[in-house]
Amino acid sequence: MPARNLPMLAGLAAAVVLLCCTGFVAVLIGGASDPGCLPAPAASPTTSSASPTMSTSAKAVPAFSSPAAPTPSPSATGALPEGFDSRQVTNATTIVAEGIRKDIPARGWVIAVATAMQESSLYNRANPTVPASLHLPHEGTGSDHDSLGLFQQRPSQGWGTVEQLMLPTYAASRFYDALARIDGWQVMSLSQAAQRVQRSAYPDAYAKHEAKATALVQHVAARADLSARLCTPVTGAWVKPVDADVVSDFRTAHRPRHNGVDLGAARGDAVVAASAGVVVQVRCDIQPRSWGCDQDGNLSTPGCGWYLDIKHAGDVITRYCHLGKRPDVNIGDTVVVGQPIGVVGNSGHSSGPHLHFEVHLDGDRSSRGAVPPVPFMARVGAPLGRTR
């Protein structure tokens, strides 16, 4: 473990991340007394405002000298997730904590951790071609050009000085700075977003780490108070189901039982899966049943009309109501983010074409599990509303 970072990383290894339903981020480090406060991490060297020239070096199979096998420290990391040692977990925690400090959504943490897994196997690596790095705290070595640290960033390409890039907090901060400059990164695949930052000669190399990176970030987040509701699951990319304005909000004074939002899309507009998952319900919900869902409903025909539910990672469920025809998927189908699943219609209890969209937590498809979709979708990086 880098000696100069021990005080900070020991605290970060104990960090627990809680994304609360009220919309604020709380990080509990050790015995922090105010869970609503975001403690400032140890100071990093000043980040340069200049945009770096991105590396184009090959990183598919980095040439690394592995660090000596570490002794896991349960007190610092908790039970270690499968396939990771204590130093990797500590470095992942540092990456997550820096993402929180910079107000990066959870999806960005997964992208950053997966990128570090590909670039350095989540070790803070020195490089013999940069002799000064060998005199700084490090965890094994690499040999690609002058690449250094967790993200194998290069001093010669403007990422920072040798001393800066060997600090995990600084390296993570620079990665997030580059990520945040990319328009639409929140709805890109992990490989697309990581490649836009890293400019690797092997752009598809990052995707294979997504599942393990997600599990590792979940491990970091799970050190929060598990009795609290984790309102922003750490999952894959999210997108809005239709490009339309919110025309009726969640549980308003006039509609206290309205468990979602209405999106004012046009009849026939494509409806897409908001995130990857498995279809758990497809049905026609209308009263009287004899009316059916293959014709327009009205305010005298209660029900969701043609609708479907998709279960996502983290026991999140999304619901899509008033579709114009039977959904294009079936129960048990696996869907990917952005996959067309139906079209906007006017079936069920509806006075005009629109999409009724709901978000449920804890796998609870009833009204008890429903949460406001607008803040939820904003937190996962896919804010609802028409693109202007």
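**A tour of aromatic rings**

Start by selecting Phe-175, which counts as buried at 0% relative accessibility. Buried stands for under 20% relative accessible area, exposed for over 50% and partly exposed for what lies in between, using a 1.4 Å probe and protein chains only.

This is a predicted model, in which local features need pLDDT of at least 70 and side-chain atom pairs count only at pLDDT 80 or more, while totals for chains, interfaces and linings use all residues. Residues are numbered from 1 along each chain as its sequence is written, and side-chain values use heavy atoms, leaving out hydrogens and water.

The structure holds 4 aromatic pairs. Helices (H or I, at least four residues) and strands (E, at least two) are DSSP runs, numbered from the N terminus. Rings of Phe, Tyr and Trp (its six-membered ring) pair if their centres lie within 6.5 Å; planes under 30 degrees apart count as stacked, over 60 as edge-to-face and the rest as tilted.

Phe-151 is buried, at a relative accessible area of 0%.

Next, select Tyr-320 and Phe-357, whose ring centres are 5.5 Å apart with planes at 50°, so the pair is tilted. Tyr-320 belongs to strand E10 (residues 316-323) and Phe-357 to strand E13 (residues 355-360), so the pair ties together parts 37 residues apart in sequence. Tyr-320 is buried at 0% relative accessibility, and Phe-357 is buried with a relative accessible area of 0%.
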